[in-house]
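Here is a short briefing on one protein chain. Look at the sequence and the model first, then work through the points below.

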Amino acid sequence: MSAPAIAGGTSLFTGFTRLCKGLAVVLVAGHIVVQTLPFTVNYLALIPARTIPFAWNLITAGYIEQTIYGVVANTLCLLVMGKLLEPVWGSKEFLKFIFIINLLTSVCVFITAITLYYITTQETYLYMPVSGFQGVVSGFLVGMKQIIPDQELSVLRIKAKWFPSIMLLLSIAASFFTEESAKYLPTLIFGTYTSWIYLRYLQSKPETKLRGDPSDDFTFSSFFPDFLRPVIDPIASIFDRLLCGRSQAPGEMEGYTLGGTALPGSDPIEASRRRERGARALEERLAAEKLAAARSVEELKKDAPENNV
């Protein structure tokens, strides 16, 4: 195998953080439990009809993978994206993000299922077991859009800022050809939206005492192509004010205000610095991994003549 191939593989599939490895073990263990003891799905997965009184399934559902495909895909996504996001956010914030997005996603899925039941009277929505880490994974994509928007994945040549939109588009398209799309599509949609809400308005920055990311590059319309933004921006501003109670004051450096008072996190300069730190952390990590791969290749070349002897 050539050095570039090893380097490319090393940069993607090595250097995982300890926290991500621990969470990966949790996902694998959860899958083993439900496969070994199938009845546990009734208590650990999100089944709206059982959420009361089994309210803990709002938390546990996100860590239970019912299929081998789900556990493999979500574990790999956790390890690969986690090693990019955790160094920028810090381990504590990274874990906090996972917990909050998982919980909010489950609550939204629960409310949606109950609503659909009352509209359609179909009990399927009440008793369908929903679980999986895909809601948090979709949130990771939003995080990558925030901190390294212009970074291209070496394999796909697609900028990170389009990852969430492409993922949702493909998932919605696939839902027309799968019978059980209700098990994953709402989770992906709510995981994406709640993570944007959290990163846009709520994520705290202890080092600067700021919250959120008010930059123009991270607006709701930035998830859509440019030609749709004039239509989306007015609609998004309505929901922005209803859900968050914030409005953009004209002439105030793109900052957010509430009752004429500047809100924490309204500094676009800090948002730009945060993206720069994310890009720099990614570049340093990839450079270190490529160097380690190059050293491994050199060692293999040195050992080859000795083995032939």
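Contact here means heavy atoms within 4.5 Å. Helices (H or I, at least four residues) and strands (E, at least two) are DSSP runs, numbered from the N terminus. This is a predicted model: local features need pLDDT of at least 70, side-chain atom pairs count only at pLDDT 80 or more, and totals for chains, interfaces and linings use all residues. Residues are numbered from 1 along each chain as its sequence is written, and side-chain values use heavy atoms, with hydrogens and water left out.

**The whole protein**

- The protein has 13 helices and five strands.
- Of its 309 residues, 42% count as buried. Buried means under 20% relative accessible area, exposed means over 50%, and partly exposed is in between (1.4 Å probe, protein chains only).
- The accessible surface is about 16900 Å². Carbon and sulfur atoms hold 66% of that surface. The areas come from the Shrake-Rupley method with a 1.4 Å probe; for residues, only the protein chains shown count as cover.
- Take the contacts with a separation of 6 or more: 69% of them join residues 24 or more positions apart.

**Helices H2 and H6**

- Two packed helices are described by the angle between their axes and the distance between the axes.
- Helix H2 spans residues 18-36, and helix H6 spans residues 68-89. They pack at an angle of about 170°, with axes 9 Å apart. Axes are lines fitted to C-alpha atoms, for helices over the stretch in contact, and angles run from 0 to 180 degrees between N-to-C directions.
- H2 is therefore roughly antiparallel to H6. Angles over 145 degrees count as roughly antiparallel, under 35 as roughly parallel, 65 to 115 as roughly perpendicular and the rest as oblique.
- On the H2 side, the residues in contact include Leu19, Leu23, Leu27 and His31. Their partners in H6 include Ile68, Val71, Leu78 and Glu86.
- By class, this contact of H2 with H6 has ten nonpolar, four polar and three charged residues. Ala, Val, Leu, Ile, Met, Phe, Trp, Tyr, Cys and Pro count as nonpolar; Asp, Glu, Lys and Arg as charged; the others, Gly among them, as polar.

**Annotated spans**

- An unreviewed UniProt entry gives the annotation "transmembrane region" to residues 23-47, 67-85 and 97-119. UniProt positions follow the numbering used here, feature names are shortened, and annotations may be inferred rather than shown by experiment.
- Residues 23-47 are 72% helix and 0% strand, with end C-alpha atoms 23 Å apart.
- Residues 97-119 are 100% helix and 0% strand. Their end C-alpha atoms lie 33 Å apart.

**Buried residues**

- Thr40 sits in the loop between H2 and helix H3 (41-44). It counts as buried because its relative accessibility is 11%. Leaving out residues up to four places away in sequence, Thr40 touches Val33 and Val34.
- Ala236 is in helix H12 (residues 229-244). At 18% relative accessibility, Ala236 is buried. Its C-alpha atom is 7.4 Å from that of Ser221, 15 residues apart along the chain.
- Phe163 belongs to helix H10 (residues 163-175). Phe163 is buried, at 13% relative accessibility.

**Backbone points to check**

- Most residues other than glycine have a negative phi, and most peptide bonds are trans.
- Ile52 and Pro53 are joined by a cis peptide bond, with omega about 20°. Pro53 lies in the loop between helix H4 (48-51) and helix H5 (57-60).
- Thr121 has a positive phi, near 60°. Thr121 is in the loop between helix H7 (91-120) and helix H8 (124-127). Its relative accessible area is 59%, so Thr121 is exposed.
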